[in-house]
Amino acid sequence: MDRPYEKLIVWQVAHAQCLDIYVSTSTFPDHERYGLISQMRRSAASVPTNIVEGNARRAVKEKAHFFNIAQASLEELHYHARLSRDLNYITPEKFVAYDMTIGRIGFLLQQLRKSTQ
């Protein structure tokens, strides 16, 4: 049975991004297990998680709060991706793909916030 949030395109794209982050970080050096891997996975998972929680809230102010947290986590993820590229843990091409997807999620989040006002 589908949950209401599963119909949101922004959640679908953010969830796919999170899955990709988990796969990509599995190739990072072991010494990053409790550092960059953990931080990157946490910020990636925070985006769809906060979309889910915001979508479940009734009050507009509460929805906006969780969608804003998702946006902040998305920006954190973007920096983690940049750092991963600069440390040569991901390729420049992978960073560009992440950058484009993060931009898309950000746009969709903005649209979602507008639609709930």
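Let us begin with glutamate 32, which is buried because its relative accessible area is 14%, under the 20% cut-off. Bear in mind, here and below, that this is a predicted model. Glutamate 32 sits in the loop between helix 1 (9-25) and helix 2. Setting aside residues up to four places away in sequence, glutamate 32 touches Ile37, Ser38, Leu87 and Tyr89.

**The overall picture**

Now step back to the whole chain. How many helices and strands does the protein have? The count is four helices and zero strands, and the order from the N terminus is α-α-α-α. The C-alpha trace spans about 45 × 25 × 25 Å along its principal axes. For 117 residues, a compact globule would have a radius of gyration near 13 Å, and the 14 Å of the protein agrees with that.

Of the 117 residues, 40% are buried. The accessible surface comes to about 6900 Å², with 55% of it belonging to carbon and sulfur atoms. Among contacts with a separation of 6 or more, 67% are between residues 24 or more positions apart. As for charge, the mean positions of the 15 positive and the 12 negative charges are 8 Å apart.

**Residues inside the helices**

Serine 43 belongs to helix 2 (residues 36-56). Is serine 43 buried or exposed? With a relative accessible area of 3%, serine 43 is buried. Its side chain makes a polar contact of 3.2 Å with the side chain of histidine 80. Once neighbours within four places in sequence are left aside, serine 43 is in contact with Ser73, Glu76, Leu77 and His80.

Phenylalanine 67 is part of helix 3, and its relative accessibility of 0% makes it count as buried. Which residues does phenylalanine 67 touch, not counting residues up to four places away in sequence? They are Asn50, Ile51, Gly54, Asn55, Leu109, Leu112, Arg113 and Thr116.

Isoleucine 105 is found in helix 4 (residues 92-115) and counts as buried at 1% relative accessibility. Beyond its neighbours within four places in sequence, isoleucine 105 is in contact with Val10, Val13, Ala14, Gln17, Val47 and Leu74. Isoleucine 105 and glutamine 12 are 93 residues apart along the chain, and their C-alpha atoms are separated by 9.5 Å.

**The loop between helix 3 and helix 4**

Two residues of this loop are worth a look. Isoleucine 90 lies in the loop between helix 3 and helix 4 and is buried, with a relative accessible area of 7%. Leaving out neighbours within four places in sequence, isoleucine 90 is in contact with Phe28, Ala81, Ser84, Arg85, Phe95 and Tyr98. Isoleucine 90 and arginine 33 are 57 residues apart in sequence, and their C-alpha atoms are 15 Å apart in space.

Asparagine 88 is also found in the loop between helix 3 (60-86) and helix 4. Asparagine 88 is exposed because its relative accessible area is 68%, over the 50% cut-off. What is the phi of asparagine 88? The value is positive, about 65°, although asparagine 88 is not a glycine. As background, most residues other than glycine have a negative phi.

**A quick summary table**

Here are the residues from our tour, with their relative accessible areas.

| Residue | Relative accessible area | Class |
|---|---|---|
| Glutamate 32 | 14% | buried |
| Serine 43 | 3% | buried |
| Phenylalanine 67 | 0% | buried |
| Asparagine 88 | 68% | exposed |
| Isoleucine 90 | 7% | buried |
| Isoleucine 105 | 1% | buried |

Key. Residues numbered from 1 in each chain as written. Predicted model: local features only at pLDDT ≥ 70, side-chain atom pairs only at ≥ 80, totals over all residues. Heavy atoms only, no water. Rg over C-alpha atoms; globule rule 2.2 N^0.38 Å. Buried < 20%, exposed > 50% of the residue type's maximum accessible area, 1.4 Å probe, protein only. Contact = heavy atoms within 4.5 Å. Areas by Shrake-Rupley, 256 points an atom, 1.4 Å probe, with all protein chains shown as cover. Lys, Arg positive; Asp, Glu negative; His and termini not counted. Charge placed at Lys NZ, Arg CZ, Asp CG, Glu CD. Polar contact = N/O pair within 3.5 Å; in protein donor to acceptor, adjacent residues only side chain to side chain.
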